[in-house]
Amino acid sequence: EQVNALPKSAIPALTKRDYFSIGLFVSSFLFEVLADRQKSAWRKAKDNKEHDEKFITGGLWGLSRHPK
């Protein structure tokens with residue numbers, strides 16, 4: 001109920017900068033989630049002896065953790 005403590009006129013509208021910031025946060029978060037999923041799949045394949053790479057260098061994880 002405290003959310004409605006201020007009148008609607010006292011809350012400023014979102015601007016282009018706000019939408020850009022939200023979009024940047026969401027895209028960065030999704031990038032990290034996908035990178036972690038790729039790392040998990042890579043690790044599972046390594047545990048199953050499907051490859052012998054020492055470090056993950058491909059995909060989003062490789063891009064975010066080992067930039068070239």
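User: I'm new here. Why does Arg43 count as partly exposed?

Analyst: Welcome! This is a predicted model, and in it Arg43 has a relative accessibility of 41%. Buried would need under 20% and exposed over 50%, so Arg43, at 41%, falls in between and counts as partly exposed.

User: What makes Asp47 and Arg43 a salt bridge?

Analyst: Their closest N and O atoms are 3.8 Å apart. The rule asks for a side-chain nitrogen of Lys or Arg within 4 Å of a carboxyl oxygen of Asp or Glu, and 3.8 Å meets that cut-off, so the pair is a salt bridge. Both residues lie in helix α1, four residues apart, about one turn of the helix. By this rule the count comes to one salt bridge.

User: And why is Asp47 called partly exposed?

Analyst: Its relative accessibility is 48%. Exposed starts over 50% and buried is under 20%, so Asp47 counts as partly exposed.

User: What makes the pair of Phe25 and Phe29 stacked?

Analyst: A search of the whole structure finds one aromatic pair. That pair is Phe25 and Phe29, 6.3 Å centre to centre, with 20° between the planes. Ring centres must lie within 6.5 Å to pair, and planes under 30 degrees apart count as stacked; with 6.3 Å and 20°, the two rings pass both tests, so the pair is stacked. Phe25 and Phe29 also sit four residues apart in helix α1, about one turn of the helix. Each of them is exposed.

User: Which residues form the nonpolar patch on the surface?

Analyst: Those two phenylalanines belong to it, along with Leu14, Tyr19, Ile22, Val26, Leu30 and Val33. Together the patch has about 810 Å² of accessible area. Take Leu30, which has its place in helix α1: a patch residue needs over 30% relative accessible area, and Leu30 has 47%, so that requirement is met. The value of 47% also makes Leu30 partly exposed.

User: How do you know that the length of α1 agrees with what a helix should span?

Analyst: The helix runs over residues 16-47. At 1.5 Å a residue, its 32 residues should span 46 Å, and the end C-alpha atoms are 46 Å apart, which agrees. Within α1, Ala35, Trp42 and Ala45 are buried.

User: What is noted about the phi of Lys49?

Analyst: Lys49 has a positive phi of about 60° although it is not a glycine. Most residues other than glycine have a negative phi. Lys49 follows α1 and lies in the loop between α1 and α2. With a relative accessible area of 74%, over the 50% cut-off, Lys49 is exposed.

User: Why does Ile56 count as buried?

Analyst: Ile56 has its place in the loop between α1 and α2. Its relative accessibility is 8%, and buried means under 20%, so Ile56 counts as buried. The C-alpha atoms of Ile56 and Trp42 are separated by 7.2 Å, with the two residues 14 apart along the chain.

User: How do you know that Lys39 lies over the face of Trp61?

Analyst: Lys39 is at 5.0 Å from the ring centre, and the distance limit is within 6 Å. The contact is listed as lying over the face of the ring.

User: What percentage of the chain's residues count as buried?

Analyst: Of its 68 residues, 9% count as buried. The chain has two helices and zero strands.

Definitions and conventions. Residues are numbered from 1 along each chain as its sequence is written. This is a predicted model: local features need pLDDT of at least 70, side-chain atom pairs count only at pLDDT 80 or more; totals for chains, interfaces and linings use all residues. Side-chain values use heavy atoms; hydrogens and water are left out. Patches are made of residues with over 30% relative accessible area and no salt bridge: like charges are joined within 9 Å, nonpolar side chains (Val, Leu, Ile, Met, Phe, Trp, Tyr) within 5 Å. Accessible areas come from the Shrake-Rupley method with a 1.4 Å probe; for residues, only the protein chains shown count as cover. Buried means under 20% relative accessible area, exposed over 50%, partly exposed in between (1.4 Å probe, protein chains only). Rings of Phe, Tyr and Trp (its six-membered ring) pair if their centres lie within 6.5 Å; planes under 30 degrees apart count as stacked, over 60 as edge-to-face and the rest as tilted. A charge sits over a ring if NZ of Lys or CZ of Arg is within 6 Å of the ring centre and within 35 degrees of the ring normal. The expected span of a helix is 1.5 Å times one less than its number of residues.
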